[in-house]
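The sequence and structure are shown first.

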Amino acid sequence: MGTKRTWAEINLAAIQQNLAAMQGLLPAGSRVMAVVKANAYGHGSTTVAGCLQAAGVQHFAVATLQEGIELRTSGITGEILVLGYTAPSLAKQLIQYRLTQTAVDAEHALALAQVGRGLPVQLKVDTGMHRLGTLHTQQQALKGLYNNPGLSVKGIYTHFCVADSLEKQDVDFTHLQTQRFNNLLAGLKNEGIFVGKTHLQSSYGVLNYPDAAGDFARLGITLFGVLSQHGKTLLTPRLTPALALKTRVSSVRTLPAGETVGYARAFCCQTPQTVATLCIGYADGLPRNLTNGYVLLHGQKAPIVGRVCMDQTSVLVTGIPGVKAGDTATIIGTDGNHTIMAQDIAQWAGSITNEVLARLGERVERQYY
Ligand SMILES: *Cc1c(COP(=O)(O)O)cnc(C)c1O
């Protein structure tokens, strides 16, 4: 019997298979930019990026300067694009670690250009998400950035906001975003600008809009073998979930009818119940607002009851004989005939897998195989 409290078993071969499956959907000339922000969606950024680099990936994206520095110092040699904002006063570190910074709007770009040394950037374009980017109609401002000696513009990209939906109005909006981006590129090229690398798609962009391919597809969630939620996509590559989440039983007790379990006395035993306590809580990434969730113990479903605590969770094991301290409980993964997907946890918590995985806590020991 092991001694780990709570751990994630991460299948690196699965990540490489998922990469190959997604690469198989891209047209010739379009390559994967691996998005390994937020600790590679909880899977461990340096190990995952190293595994992807070994499989031939040469372009990576992160959310922050610090994430970029961590990747670079871990031995990633290819392009590392920082997708989020970096204060212009930190541009020296971007240069020191050979990171490509996103110009999140024209104002940011001009401030970065003040550093005065051809700083490598990619220009973000706002085609309708209205989060980051220079508005797609600002062709002259973007042309000025290409011609600004303070910047070395490596590429230009935009981001879809409803590419995960196959509803008609969402499909129409995604097509509109694509058209706005392509019109801008055509306009810039007409003015003699060499636009550099172009990219629009993230995972759902590839799955639902394969025709929107650019020089890169920025893939996050699908590399980890899951979708953001249950539901249909146009293309359905074979993906293998890379992560299983396990924890250990710490204590088992039998309660008479009428007793309650946990904070707020949120669960009351209508009949006598056997309750097992698990070594996982919301600080480990198990959402506190789960409803209808269960874990797997001895190959059977054990319903989560009461409030998920910071470090512990209670489950009913009344119908499961022989549960004892030290037993392994599966939170995500397979035990016997049952499998819990990250999508299930996300659904029970009213969220998406991206959030569930990205919030896996630091205390969760990552075990690679
Ligand atoms: C996180 C992110 C991605 C990756 O999205 P997935 O849906 O996980 O593939 C791509 N592009 C941008 C700008 C992002 O922020």
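## Packing of H1 and H3

Helix H1, residues 12-23, packs with helix H3, residues 45-54, at an angle of about 50°, and their axes are 10 Å apart. The crossing of the two helices is right-handed. The model described here, and below, is predicted.

On the H1 side, the contact is made by Leu12, Ile15, Gln16 and Leu19. H3 contributes Thr47, Val48, Cys51, Leu52 and Ala54. By class, seven residues of the contact of H1 with H3 are nonpolar and two are polar, with no charged residue.

## Packing of H7 and H8

H7 passes H8 in a right-handed crossing.

From H7, the residues in contact are Gln139, Leu142, Lys143 and Tyr146. Leu184, Gly187 and Leu188 are their counterparts on H8. The contact of H7 with H8 divides by class into four nonpolar, two polar and one charged residues. For the contact of H1 with H3, the corresponding division is seven nonpolar, two polar and no charged.

## The largest pocket

How many residues line the largest pocket, and which are the closest to its centre? The volume of this pocket is about 690 Å³. The lining has 29 residues, and Lys37, Tyr41, His159, Ser202 and Asn354 are the closest to the centre. By class, 16 residues of the lining are nonpolar, eight are polar and five are charged.

Three helices each supply at least two residues of the lining: H2 (37-41), H9 (203-208) and H11 (353-358). The largest share, three residues, comes from H2. Lys37 and Tyr41, both among the residues closest to the centre, lie at the ends of H2 (37-41). Asn354, also among the residues closest to the centre, falls within H11 (353-358).

Definitions and conventions:
Residues numbered from 1 in each chain as written. Predicted model: local features only at pLDDT ≥ 70, side-chain atom pairs only at ≥ 80, totals over all residues. Heavy atoms only, no water. Left-handed = near helix turned anticlockwise from the far one by under 90°. Helix = DSSP H or I, 4+ residues; strand = E, 2+ residues; numbered from the N terminus. Contact = heavy atoms within 4.5 Å. Nonpolar A, V, L, I, M, F, W, Y, C, P; charged D, E, K, R; others polar. 1 Å grid on protein atoms, 1.4 Å probe; cavity = no way out; pocket = protein on both sides within 12 Å on 5 of 7 lines; lining within 4 Å. Points joined across faces, edges and corners; volume = space filled by probe spheres on them. Axes fitted to C-alpha atoms, helices over the stretch in contact; angles between N-to-C directions.
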